[in-house]
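Subject: Handing over a structure

Dear colleague,

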Amino acid sequence: MNVAFFSSKNYDKKYFEKVKNSNHSFTYFETPLNKDTLKLTKDFDAVCIFVNDNADEAILNGLAENGVKLVALRSAGFNNVNIDAAKKAGISIVRVPSYSPEAVAEHALALILTLNRKIHKAYNRVRENNFSLENLTGFNLHGKVIGVVGTGQIGRAFCNIISGFGCKILAYDIYEQDDLKKKGIQYVSLKKLISESDIIALHCPLTPETHHMFNKETFAFMKKGAMLVNTSRGGLIDTAAAIDALKSGQLGHLAIDVYEQEENLFFRDLSGSIIMDDMIVRLIAFHNVLITSHQGFFTKEALDEIARTTVHNLDQFENGEPLDNEVKGD
Ligand code: NAD
């Protein structure tokens, strides 16, 4: 199949070229898929997209007109694809449902430890021969209450890691997992989780139900000074409300690997540009906010698995086989 990659980086090319087979020809575009770049998809059988590419109804109809029959996501999340519109347009959607839950769970932990123990500040201080400990006080994780929202693959991996720290774990999910309960993880209501946790980690998908799950009202009943960690999708948090909660001290620490308006920022070097997004600039200015640009997935193991599974998805489609990783919608 002729496959057009969008939002592709050098590392995508490196990992996909390793596992590619002679059934497929890959063309790598750095540009994201959107209404302006849709014309590039003419004569391709499939497009391979990532988290910030747009596959809304208009784009999917345009893809179908250009002869595209398959959208292969290089991600687990598919909130950027209108599944119903894809169905109507006769386009199949496949994704990589599980490439390395541990990669994202470990990144969530890295964010927590870095922000809590101020490792990013200590690193910079020592490089300038400043060996003072003033203002670097952290807190023990041992004995703290950790709230995990979403106990699917990543949330489960996160629970397993954080239990080693001697924390009490509260969980919220629309489906409860018996094996996690047996390990002592307690499922509670979202409200109880938010009001009792010292650290809240978000691992549920972005859906209409979870959009702005953290808003003015939810921040108000959070434990004062608690930490919120989001490695899931930016839209789970109302950024303006988070900024207000940080200003008032209600939100004590915020660590994010994802950001509501990330499509105009993340995965790019903008060091020579004026940043027009005032919210991200405000967030960066807080001493108690830590931001990474959607790198939770970014390990060698995960990149290998993303490439391998995507080629498997393309092979199955090409051979007319049932698609193991199809996103069918409701
Ligand atoms: P998963 O499908 O295995 O688990 C998601 C869990 O969320 C499920 O248990 C589901 O029941 C639960 N859930 C769904 N709706 C909910 C709701 N309204 N309230 C509470 N829980 C709800 O997915 P996963 O592989 O664990 O991934 C979770 C999310 O992590 C993805 O949707 C994606 O957005 C994000 N992600 C981020 C990165 C990154 O690089 N930062 C990488 C991969 C995935």
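This is a predicted model: local features need pLDDT of at least 70, side-chain atom pairs count only at pLDDT 80 or more; totals for chains, interfaces and linings use all residues.

Is Thr-41 buried or exposed? Thr-41 has a relative accessibility of 0% and therefore counts as buried, since buried means under 20% relative accessible area. The side chain of Thr-41 also has a partner, for a polar contact of 2.9 Å joins it to the side chain of Asn-66.

The next part concerns the ligand, which takes up the space of the largest pocket. Around the ligand there are 22 residues, and the closest of them are Tyr-99, Gln-153, Ile-154, Asp-173 and Thr-231. Sorted by class, this shell is made up of 9 nonpolar, 10 polar and 3 charged residues.

Which polar atoms of the protein lie 2.9 Å and 3.0 Å from a nitrogen atom of the ligand? A polar backbone atom of Thr-231, one of the closest residues, is 2.9 Å from a nitrogen atom of the ligand, while for Asp-257 a polar side-chain atom lies 3.0 Å from a nitrogen atom of the ligand. On the oxygen side, a polar backbone atom of Gly-152 is found 3.3 Å from an oxygen atom of the ligand. On its own the ligand has 870 Å² of accessible area, and the protein covers 86% of that.

Finally, there are two residues whose backbone angles deserve a careful look. Asn-129 is not a glycine, and yet its phi is positive, at about 60 degrees; Asn-129 belongs to the loop between α5 (119-127) and β6 (145-149). His-294, which is not a glycine either, has a positive phi of about 55 degrees, and its place is in the loop between β12 (289-291) and α12 (300-318).

Which of these two residues is buried, and which is exposed? Asn-129 has a relative accessible area of 62% and is therefore exposed, because exposed means over 50%. His-294, by contrast, has a relative accessible area of 7%, so His-294 is buried.

With best wishes

Terms used:
Residues are numbered from 1 along each chain as its sequence is written. Side-chain values use heavy atoms; hydrogens and water are left out. A residue is near a molecule or strand if one of its heavy atoms lies within 4 Å of it. A polar contact is a pair of N or O atoms within 3.5 Å; within protein, one must be able to donate a hydrogen and the other to accept it, and residues adjacent in sequence count only if both atoms are side-chain atoms. Accessible areas come from the Shrake-Rupley method with a 1.4 Å probe; for residues, only the protein chains shown count as cover. On a 1 Å grid over the protein atoms alone, a cavity is a set of points where a 1.4 Å probe fits but cannot get out, and a pocket is an open set with protein on both sides within 12 Å along at least five of seven lines; lining residues have an atom within 4 Å of a point. A molecule sits in a cavity or pocket if more than half of its atoms lie within 2 Å of its grid points. Ala, Val, Leu, Ile, Met, Phe, Trp, Tyr, Cys and Pro count as nonpolar, Asp, Glu, Lys and Arg as charged, and the others, Gly among them, as polar. Helices (H or I, at least four residues) and strands (E, at least two) are DSSP runs, numbered from the N terminus. Buried means under 20% relative accessible area, exposed over 50%, partly exposed in between (1.4 Å probe, protein chains only).
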